[in-house]
Amino acid sequence: METFTGLILIFIGAALINNFVLHYFVGICPFLGVSRRTSTAFGMGCAVTFVISIAALLSWTLTHFVLRPEAPLPRWVWEIAGGNPATHVDLSVLSYIVYIFVIASSVQFVEMYVRKFFPPLYKSFGVYLPLITTNCAILFACLEIMKHLQDPTNLWGLHEAITLAVGGGVGFTIAISLMAGIREDLDLCDVPGPLRGAGIALIVAGIMAMAFMGFTGVDKGIQSALGIGF
Amino acid sequence: MAQEQPTALERFVNGILPENPVYRQLLGMCPVLAVTNGMKPAMTMAGATAFVLISANIIVSLIRHLLKPHLRILVFTLTIATFVTIADRFLAAYVYEMSKQLGPYVPLIIVNCLIISRCEICSSKQGVGVAIADGVGMALGFALALASIATVREILGSGTWFGLRVMPGVWPNWGIMVLPPGAFLTLGLLLGIAEWVSRRRSERAKSSQ
Amino acid sequence: MGERQEKRDYLAQAWLVIVLALLYGGALATVQTALSGRIAENKRNETYNVIPDLVPGADKARTAEVVVVGGNGKEVRVYRAFSPDGTPCGWVLPSSGQGFADRIELLVGLDAPCSVITGVYILDQKETPGLGDYITGEDFRDRFRAKPTAEPLVVVKTDPRTETEIRVLTGATISSESVSGIVNAAVRNLKGPLLGLIESQVSPAPETRGVETPSSSGGS
């Protein structure tokens with residue numbers, strides 16, 4: 001039961017309380033660029049969620065078994081090769097390179113999948129689908145998972161990593177869809193010249209971020225209500 | 001017929017204001033919003049980005065004749081990721097507190113569209129000298145953008161600049177400025193001002209002809 | 001003919017990527033070996049530099065790291081502080097928990113018999129700037145000094161009337177309660193095992209930093 005509430009808290013944390021876009025500032029480029037129409041925005045959100053989940057799965061596996069300090073695989077290879085057992089085995093310096101390739105592969109995979117099974121959606125995405133590779137949100141999710149795989153006494157399992165990733169993707173989708181809805185209405189308003197486009201979008205994002213700040217403390221409240229401790 | 005390409009000086013000057021990475025190209029927003037709650041983290045981030053940008057430009061320019069269309073993005077990404085790892089390790093070794101404060105935003109330099117776009121547009125096509133000038137110009141422009149936003153946010157939000165008190169004691173710190181909404185609002189308004197300035201300038205140029 | 005040319009092109013490009021990968025790998029390995037010592041030192045110093053402040057009279061260089069099994073069954077690495085002449089003068093316990101906005105990580109200092117809290121130091125927090133983040137200030141941290149560990153601490157809005165009461169930080173009730181809750185949790189979890197450790201060990205202070213594992217765990 002406690003694992004399940006833990007997962008719920010991770011999910012709500014990533015989706016609402018510490019929303020990837022409005023709290024951590026990742027995924028801003030598509031957030032500003034693809035949020036003109038609600039349908040494309042929602043589609044982009046779903047694609048990002050898909051990619052983030054696959055990337056999280058791959059990066060958790062690679063980090064847990066290869067890339068963290070004193071990971072099992074390098075340690076095993078080192079001992080088989082007859083190395084000194086006292087040396088500290090640490091491949092974490094390769095983490096960032098591995099993550100970016102994992103992300104590029106995930107995007108490639110999703111692109112092939114969407115092209116095969118949803119051709120009209122693929123066409124409407126155009127160039128934005130490969131651009132998901134430079135979406136900070138996915139790399140950020142991988143980095144968060146890496147952060148929780150550093151302390152050997154408290155390692156995150158695959159379920160927690162995937163929950164974080166899906167929660168982040170859902171939060172991104174919520175934010176981008178809300179922004180698209182607001183911008184559709186903004187198109188009919190008389191926005192001052194210099195602010196049209198990115199300027200007013202950022203100001204609206206600021207107000208949205210203020211609204212989402214209202215979620216602060218919700219996870220603490222849930223924990224207190226359920227009586228689960230620190 | 002060879003197309004005329006900008007000279008080193010033109011690249012350098014372009015990067016600072018006319019094609020400013022943040023205000024004109026709208027690239028690299030993530031660090032701009034995230035680390036500008038104070039001048040110190042902002043300038044550290046500017047330094048790290050400058051290191052990665054200039055180094056990547058140099059390497060890509062050196063191997064530009066070996067690059068083929070299919071694998072060039074792969075090579076760019078590999079190069080950038082390597083330099084970002086180096087920068088991240090140096091920060092952790094020599095300015096540990098700041099490295100902790102910047103947190104995940106230093107590795108996020110890898111996906112900063114600015115660097116990949118400079119590799120693509122400039123250093124994969126021109127010599128090392130021009131590439132360096134382009135890198136330095138863009139880095140300066142980026143630092144300028146970071147500084148402008150960080151100044152507003154830090155002075156209004158904490159009453160300090162680089163950690164030194166500049167506001168009178170009676171100033172009630174606008175806490176919102178150092179929180180996410182303040183970042184969005186500041187950038188949005190400053191973008192509006194930058195756009196207004198550039199429109200005035202082009203109107204004046206048009207009317208004077 | 002065109003196909004063979006294409007294959008040769010791909011091969012040429014693959015060579016480039018492999019050579020670059022080797023070069024970059026070498027560069028990263030060099031950077032790693034050169035800097036990893038410094039980085040580990042920085043991480044360690046984060047805690048070690050604060051120990052003299054948390055436990056009065058402690059010599060930072062004579063601190064020992066001890067792995068104990070807490071009451072909840074999990075292993076925790078605590079720090080045993082020694083004064084310059086080698087007598088044990090206290091303990092520093094790391095602890096963390098949910099604050100108002102995000103996780104709070106802190107260190108609790110206890111005296112040698114684990115009966116009094118000698119100080120609290122916040123390592124990491126993301127509370128509201130201007131309100132909750134004053135938990136890192138001297139004023140709030142001082143409220144924990146000299147508090148007994150026999151009973152859990154309680155946060156009150158008035159001036160403390162009993163020994164176990166702590167005055168709340170104005171405008172940051174939840175942050176204050178979180179900190180006291182995390183401190184209480186650390187004491188509750190580790191006091192028993194540490195007392196068991198003290199009883200079973202009569203060993204002198206190490207000359208330099210070292211890691212010892214207890215000969216008998218005092219967990220419940």
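Begin by selecting chain B and chain C, whose contact (heavy atoms within 4.5 Å of each other) takes 24 residues from chain B and 19 residues from chain C. The structure is a predicted model, in which local features need pLDDT of at least 70, side-chain atom pairs count only at pLDDT 80 or more, and totals for chains, interfaces and linings use all residues. Residues are numbered from 1 along each chain as its sequence is written, chains are lettered from A and ligands numbered from 1 in the order in which they are written, and side-chain values use heavy atoms, with hydrogens and water left out.

The buried area, meaning the accessible area (1.4 Å probe) that two parts lose on being put together, summed over both, is about 2100 Å² between chain B and chain C, and carbon and sulfur atoms give 74% of it. Now select B:R89, B:A93 and B:Y96, which supply 24% of the area that chain B buries against chain C, more than any other three residues.

Next, show the side chains of C:E46 and B:K100, which form a salt bridge (a side-chain nitrogen of Lys or Arg within 4 Å of a carboxyl oxygen of Asp or Glu) with their closest N and O atoms 2.3 Å apart. Across this interface of chain B and chain C, the rule finds one salt bridge. Colour α4 (72-94) and α5 (96-102) of chain B, the elements that give two or more residues to the side that touches chain C; helices here are DSSP runs (H or I, at least four residues), numbered from the N terminus. The largest share of that side, twelve residues, comes from α4(B).

Turn now to chain B and chain A, where the contact takes 35 residues from chain B and 34 residues from chain A. Together these two chains bury about 3100 Å², 84% of it on carbon and sulfur atoms. Select B:C30, B:V111 and B:F184, the residues of chain B that lose the most area to chain A, together 20% of what that side buries. How many salt bridges are there between chain B and chain A? The count is zero.
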